[in-house]
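This report describes a protein chain for a reader who is meeting it for the first time. The sequence and the structure are shown below, and the account then moves from single residues to the whole chain.

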Amino acid sequence: MKTLICTFLAFCLSLCVADAQGMKPFDPAKFQADLEQFITVEACLTPSEAAAFFPLYREMTRKQRALYEQMREDRRVNPDSEEAAKQAISEHDRIEIEIKQLQANYHARFIGIITARKLYKVIKAEGKFHRMAMKRAVPHRR
């Protein structure tokens, strides 16, 4: 009974600490909207460019996410032999190459919608946004 009470109190305390720190649950739709707004401003996309660009951009990120999920699943595997380890490395490399080919294909398609200079700004803005999001999510400890 003491264990149950201690566990419950620890849980309540963690909720209070999380609430006090202002931690909010992750909202994928808000994250996507914030990302698109940030990219639009940073890359100076016009409304018509953004309207044509973002559906294709979302399509690319959905495909990337599926590949990253495969990589995450593969990391859970613990090879028990040299051959299995070689196969796991080969699979990891294959997926990384597929991700880069996917990006290259979509980048070529994006250049049909926006200029190469704006696409370069989009790429930089996306990286900058993700770095900022990580800094907000993981506070620095001193």
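## Q32 and its contacts

Apart from neighbours within four places in sequence, Q32 is in contact with Y57 and R58. Q32 itself belongs to helix α2. The model is a predicted one, and in it Q32 has a relative accessible area of 18%. Residue Q32 is therefore buried, since the limit for that class is under 20%.

## Overall organisation

The protein chain contains 5 helices and 0 strands. Along the sequence, the pattern reads α-α-α-α-α. Of the 142 residues in the protein chain, 23% are buried.

When contacts between residues at least 6 apart in sequence are considered, 74% of them join residues at least 24 apart.

## Helices α3 and α4

Helix α3 spans residues 47-75 and helix α4 spans residues 82-110. Their axes come within 10 Å and cross at roughly 175°. Because of this angle, α3 is roughly antiparallel to α4. Sorted by class, the contact of α3 with α4 has 12 nonpolar, 4 polar and 8 charged residues.

The loop between α3 and α4 holds N78. With a relative accessible area of 68%, N78 is exposed. The C-alpha atoms of N78 and A88 are 9.0 Å apart, and the two residues are separated by 10 residues along the chain.

## Aromatic pairs

A search of the whole structure finds 8 aromatic pairs. One of them joins F38 and F129, with 5.6 Å from centre to centre and 50° between the planes, and this pair is tilted. F38 lies in helix α2 (residues 28-42) and F129 in helix α5 (residues 116-137), so the pair ties together parts that are 91 residues apart in sequence. Both F38 and F129 are buried.

The rings of F53 and F110 form another pair, which is tilted because their planes stand at 55°; their centres are 4.7 Å apart. This pair links distant parts of the chain, with F53 in helix α3 and F110 in helix α4, 57 residues apart. F53 is buried, as is F110. Ring pairs also link F53, F54, Y57, Y106 and F110 into a cluster.

## The nonpolar core

In soluble globular proteins, nonpolar side chains tend to be buried together. The largest nonpolar core of this model has 23 residues. The residues with the most contacts inside this core are I39, L45, F53, F54, Y57, F110 and V122. Helices α2, α3, α4 and α5 are the elements that give two or more residues to this core. Helix α3 gives the most, with 8 residues.

I39 shows how such contacts are made. Leaving aside neighbours within four places in sequence, I39 is in contact with C44, L45, F54, Y57, V122, A125 and E126.

C44 is found in the loop between α2 and α3. Residue C44 is partly exposed, with a relative accessible area of 47%. Most residues other than glycine have a negative phi. C44, however, has a positive phi of about 55° although it is not a glycine.

E49 is located in helix α3. At 16% relative accessibility, E49 counts as buried. The C-alpha atoms of E49 and T115 are separated by 9.8 Å, and these two residues are 66 residues apart along the chain.

Technical notes
Residues numbered from 1 in each chain as written. Predicted model: local features only at pLDDT ≥ 70, side-chain atom pairs only at ≥ 80, totals over all residues. Heavy atoms only, no water. Axes fitted to C-alpha atoms, helices over the stretch in contact; angles between N-to-C directions. Helix = DSSP H or I, 4+ residues; strand = E, 2+ residues; numbered from the N terminus. Parallel < 35°, antiparallel > 145°, perpendicular 65-115°, else oblique. Nonpolar A, V, L, I, M, F, W, Y, C, P; charged D, E, K, R; others polar. Phe/Tyr/Trp six-rings, centres within 6.5 Å; stacked < 30°, edge-to-face > 60°. Buried < 20%, exposed > 50% of the residue type's maximum accessible area, 1.4 Å probe, protein only. Core = buried A, V, L, I, M, F, W, Y, C linked by side-chain atoms within 4.5 Å. Contact = heavy atoms within 4.5 Å.
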